[in-house]
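Me: Could you take a close look at one part of this model for me, the place where the two chains meet? I'd like the cut-offs spelled out as you go.

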Amino acid sequence: MTALLYILLAIVVAVAIWQIASILNLKSVIATEKDNNTQGILFAAFGIFFYGLMIFSFVKYSSILLPDSASVEGDRYDTLYMVTMVLILIVQAITQFLLFYFAFKYRGIKGRKALFYADSHKLELIWTVIPAVVLAGLVLYGLSVWIDVMDASDAEDPLIVEVYAKQFQWEARYAGEDNELGLANVRNIKGINTMGVDMTDKNALDDIPTRELHLPKGRKVIFKFRSQDVLHSAYMPHFRAQMNCVPGMVTQFAFTPSMTTEEMRLNDKTITKVEGINKIRAEKGEDPYEFDYLLLCNKICGASHYNMQMKIIVEEESEFNSWLNSQKTMAQVVQ
Amino acid sequence: MSDHHHKETFVTKYIFSTDHKMISKQYLITGIFMGVIGVFMSMLFRLQIAWPEKSFSIIEAFLGHHQDGGVMSPDIYLAIVTIHGTIMVFFVLTAGLSGTFSNLLIPLQIGARDMASGFLNMVSYWLFFLSSIIMVISLFVEAGPASAGWTIYPPLSALPQAIPGSGLGMTLWLVSMAIFIASSLLGALNYIVTVLNLRTVGMKMTRLPLTIWAFFITAIIGVVSFPVLLSAALLLIFDRSFGTSFYLSDIFIQGEVLHYQGGSPVLFEHLFWFLGHPEVYIVLLPALGITSEIISTNSRKPIFGYRAMIGSIIAIAFLSTIVWGHHMFVSGMNPFLGSVFTFTTLLIAIPSAVKAFNYITTLWKGNLQMNPAMLFSIGLVSTFISGGLTGLVLGDSALDINVHDTYFVVAHFHLVMGVSAIYGMFAGVYHWFPKMYGRMMNKTLGYWHFWITAVAAYGVFFPMHFIGLAGLPRRYYSNTAFPLFDDVADVNIVITMFAILGGAAQIIFLANFFISIYKGKKATQNPWKSNTLEWTTPIEHIHGNWPGEIPAVHRWPYDYSKPGHEEDYVCQTTPLMDGEEES
């Protein structure tokens with residue numbers, strides 16, 4: 001019933017709007033010189049609003065952006081991002097200015113004739129070639145970063161970690177002493193063997209299953225992703241890393257952590273961001289927040305998609321090794 | 001194409017009409033109806049995003065057992081996000097936009113008495129109507145409508161165990177879309193045949209208005225890509241209902257191993273995006289075509305670079321079929337493929353840039369008539385640039401990694417195809433309303449409609465880039481599980497307020513539209529002083545469009561303010577004067 005009331009209300013508003021307007025505007029239905037003038041000025045005003053909104057957003061919202069990259073590959077990502085963004089903003093600023101300025105400047109006047117200007121091969125050549133050249137540069141630069149990030153074949157002594165996704169939880173498995181993951185398939189899932197590790201595979205015995213992701217600083221980590229049910233996406237925004245987890249196949253991504261969790265907490269941008277968050281939390285009477293790296297799910301996966309996360313702890317290699325040694329191996333867990 | 005007048009009954013005139021003008025109105029009204037549902041859904045989920053724990057009576061009123069005390073459930077949140085996307089992309093911006101204006105304008109602007117096949121045209125509309133009805137019915141399914149996102153990636157869309165919407169709701173979604181695809185194929189074939197065969201005397205391809213070029217190329221993209229979605233949907237139906245494993249393999253869900261073996265969800269992604277990306281241009285090109293026509297008419301200037309505009313439409317159409325992989329950079333696809341798709345994707349920026357610059361140059365030294373249609377067209381150019389530029393980030397495989405599936409993407413595609421295309425649709429409605437209904441829409445309401453919408457659209461989507469860059473994934477029911485995102489909560493409130501403002505502004509449009517049909521001021525034959533053929537037909541609709549002979553065409557459609565002519569427009573039917581050169 002309330003739904004009907006809402007619909008009725010909308011109709012009443014609509015009719016009222018029309019009534020008011022028909023009183024205001026009985027005659028003309030086509031833009032007059034006065035309209036052209038008013039609307040032209042409004043476009044100029046809108047241009048100002050537009051630039052205002054842009055500048056406001058950059059000033060006000062820069063504090064919510066991600067802090068500096070926490071991986072070696074991420075640094076290259078950030079530079080590419082800055083170059084692209086500067087380019088975008090320059091083009092945006094110029095073209096939008098011209099658009100709103102022309103809309104204002106050439107607003108119609110009675111009796112004036114527009115310039116009959118249908119074509120200019122020179123101009124068109126200019127704005128075909130310039131974007132083409134700029135884009136060629138951008139493509140080459142982008143691809144060099146892409147290949148660099150995606151190709152982990154030349155990594156020396158990388159750490160191999162499996163990240164395992166299921167509704168609505170993450171698990172991880174370290175390759176253990178042989179640094180080789182044992183085979184696994186969902187058909188082996190049984191009791192405590194939640195990732196379906198094949199215990200008849202000898203590589204599997206020293207694998208280490210965990211519920212928290214620890215990574216060593218300065219060593220390349222190759223992630224192998226699996227999912228047991230639907231698509232998930234392992235998103236680690238602080239490391240500029242993301243890869244989908246696909247049931248039935250193993251996907252891969254790699255990066256080298258460059259800042260421990262402790263170091264990141266002391267990073268200027270992180271401090272500003274955390275201060276901002278804690279101010280908001282204090283107002284709501286919530287506990288203060290301490291920064292941690294996170295692995296989030298970034299592919300719609302069901303009802304609790306919005307709460308599928310795992311903490312990531314980056315530490316010095318020695319701390320990492322002692323943590324890893326204190327964990328139980330698959331052989332110990334399954335027994 | 002019947003010249004002889006057989007007696008028309010109410011049913012043949014208003015319901016099962018084969019007249020393209022009536023069918024176009026049917027498309028428009030159905031599109032508007034679906035649009036109201038789609039936009040209303042966005043209001044509901046924006047409330048949830050901004051105030052996740054708050055109770056709203058409007059949610060309580062509309063969501064029935066899917067809410068608890070005015071707070072929606074996570075499942076229905078995903079469902080309305082899914083249906084919002086589906087309805088807006090397919091039902092409003094594909095059928096509503098292309099269906100309306102291709103039908104109205106192709107015969108009128110090329111000088112034909114009707115579509116090549118009026119009957120197929122009618123069937124096309126009624127299939128669309130049927131698919132709309134099925135989609136609406138799916139909203140009332142007990143477990144909720146389809147909720148795997150508008151991209152319906154399996155296994156989520158294949159397994160009712162994974163999400164309740166993947167039961168009957170998903171079945172209805174697939175049936176509805178299969179019918180929808182049949183409808184749009186019939187429509188598209190008709191458009192192609194009509195443009196190729198039924199042009200009037202003198203209407204060379206290089207004298208076609210850019211609207212027709214856009215509709216024509218759009219129809220070709222549709223014919224090339226929609227069948228692939230149909231096959232993707234059919235294979236999904238097979239996996240869901242007959243136990244095949246096209247997309248599924250090695251699945252363990254709710255304590256049970258399923259029998260599926262050997263399929264791959266990535267296959268579905270390929271098939272889906274082979275339509276899905278061209279679909280962006282199926283939505284956008286007609287809007288750009290409409291804009292070209294309206295900007296030229298209202299600037300009283302020829303469109304700048306007519307041939308370059310045609311060239312870029314064709315280039316965009318061609319490239320659109322080889323860029324789908326840029327939706328899949330982090331899908332697990334081979335990184336080498338990612339490189340290829342980055343290259344082809346960024347190529348599209350070139351014809352797009354040409355179009356944007358040509359629009360701006362068309363305004364230069366014009367004599368701009370600020371009719372509501374013109375405002376929306378200028379608005380389109382602005383959002384097309386704003387949204388298009390961020391495509392340089394998303395189309396670059398390396399940069400896509402960290403913004404993929406975040407709100408940055410949502411902001412990007414809403415600006416470049418959502419807002420732009422809907423602006424094009426509004427522009428078209430304001431401009432051709434007199435042709436459709438013989439009456440004019442109210443100008444003042446049009447102005448209010450545009451300015452509120454324009455402020456709201458940027459107010460919603462500009463800040464949205466920043467929450468994406470903060471790392472916030474899309475399709476999150478609530479951000480309260482992450483203290484990390486506590487500082488985006490305020491931004492989300494701002495966005496929701498602008499969204500409600502923008503949504504409410506559409507009531508102005510609806511009021512203006514429906515009441516103008518009955519009460520609008522009577523239109524004159526050529527209210528915008530336009531060159532194209534549709535304005536040479538009588539105001540009262542007649543079957544066959546022109547009472548006598550179809551006029552012959554002697555020039556291109558953009559002779560505005562041509563030196564040597566008294567008026568600032570020269571209709572396409574005016575023969576060249578002695579010594580006058582064709583432009």
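**Where chain A meets chain B**

Reply: In chain A, 123 residues are in contact with 146 residues of chain B, contact being heavy atoms within 4.5 Å. This is a predicted model, where local features need pLDDT of at least 70 and side-chain atom pairs pLDDT 80 or more, while totals for chains, interfaces and linings use all residues. Residues are numbered from 1 along each chain as written, chains are lettered from A in the order written, and side-chain values use heavy atoms, with hydrogens and water left out.

About 11800 Å² is buried between the two chains, 70% of it from carbon and sulfur atoms; that's the accessible area (1.4 Å probe) lost on putting the parts together, summed over both. On the chain A side, A:Trp18, A:Trp146 and A:Tyr306 lose the most area to chain B, together 7% of what that side buries.

Now the charges. Five salt bridges link chain A and chain B (a side-chain nitrogen of Lys or Arg within 4 Å of a carboxyl oxygen of Asp or Glu). One of them pairs A:Arg281 with B:Asp486, at 2.6 Å from N to O.

Among the residues B:Asp396 touches are A:Leu80, A:Leu138 and A:Gly142 from chain A, plus B:Phe329 from chain B, with residues up to four places away in sequence not counted.
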